[in-house]
Amino acid sequence: MTKQPKYINLSRAAVVGTLALIAVVVGPAQAHKTPVTAQQLQAYQEAFLAEVKKGDLLFHGDDAMAKKLGVTLSTTGMACAMCHPMTADTHPHSYPKFQAQMGKFATLRDMINWCIEKPNQGEKIDSDSEAMKALEAYIYWSNTNSILVPGKY
């Protein structure tokens, strides 16, 4: 018969206690080494809301903003808000998904461009353009606190 070394006979309580002590001494792991300050958070929010305002103007058909950003979102006189008056009915939280009108798996940016090109007969905009980012920011902002119901939209 072989003898087991004494260290193998440690109780689970001792192991758990040791790990807990290490966790307390070392502290919790943090994703960000420096927390965001109130001033940084305010700057982030101001930058986001500036984009939201541009997107709001584009979504509601403001020609001056479209011209400033160098885009033609419609040649029919239509604006996004004419089909989506509450903006929330665009359901951005449901993307990416299979989009029946397009017959493919699509992102929100793909759908924005589809609406610009098809019903509005405008010119597709670059996915990384300032105009696209502003439209996307406005659409997401307008859906703040929307409840996601998978498969409903």
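**Figure 1. Overview of the predicted chain.** This is a predicted model, in which local features need pLDDT of at least 70, side-chain atom pairs count only at pLDDT 80 or more, and totals for chains, interfaces and linings use all residues. Residues are numbered from 1 along each chain as its sequence is written, and side-chain values use heavy atoms, leaving out hydrogens and water. The pLDDT is the predictor's confidence in each residue, from 0 to 100. Its average over the protein chain is 85, and 78% of the residues score at least 70. Where pLDDT is low, the predicted coordinates should not be read in detail. The protein chain has six helices and two strands, in the order α-α-α-α-β-β-α-α. Helices (H or I, at least four residues) and strands (E, at least two) are DSSP runs, numbered from the N terminus. Of the 153 residues, 26% are buried (under 20% relative accessible area; exposed is over 50%, partly exposed in between; 1.4 Å probe, protein chains only).

**Figure 2. The largest nonpolar core.** This core holds 23 residues. A nonpolar core is a set of buried Ala, Val, Leu, Ile, Met, Phe, Trp, Tyr and Cys residues joined through side-chain atoms within 4.5 Å. Residues with the most contacts inside the core include Leu58, Phe59, Val71 and Ile112. At least two core residues come from each of α2 (38-59), α3 (63-69), α4 (80-83), α5 (108-117) and α6 (130-142). Helix α6 gives the largest share, seven residues. In soluble globular proteins, nonpolar side chains tend to be buried together.

**Figure 3. Surroundings of Ile125.** Neighbours within four places in sequence are left aside here. Ile125 is then in contact (heavy atoms within 4.5 Å) with Val71, Leu73, Asn113, Ile116, Ala131, Met132 and Leu135.

**Figure 4. Salt bridges of Arg109.** The structure holds four salt bridges, each a side-chain nitrogen of Lys or Arg within 4 Å of a carboxyl oxygen of Asp or Glu. Arg109 pairs with Asp128, with the closest N and O atoms 3.5 Å apart. Arg109 is in helix α5 and Asp128 in the loop between α5 and α6, 19 residues apart. Asp128 is exposed, at 54% relative accessible area. Arg109 also meets Glu136 in a salt bridge (2.7 Å, N to O). Glu136 lies in helix α6 and Arg109 in helix α5, so this pair ties together parts 27 residues apart in sequence. Glu136 is buried, with a relative accessible area of 15%.

**Figure 5. The Lys54–Glu51 pair in helix α2.** The two side chains form a salt bridge (2.9 Å, N to O). Both residues lie in helix α2, three residues apart, about one turn of the helix. Lys54 counts as buried because its relative accessibility is 17%. Glu51 is partly exposed, at 23%.

**Figure 6. Backbone exceptions.** Most residues other than glycine have a negative phi, and most peptide bonds are trans. A cis peptide bond joins Tyr95 and Pro96, with omega about 0 degrees. Pro96 lies in the loop between α4 and β1 (97-99). His91 is found in the loop between α4 and β1, and its phi is positive, near 50 degrees. His91 is partly exposed, at 22% relative accessibility. Gln121, in the loop between α5 and α6, has a positive phi of about 50 degrees.
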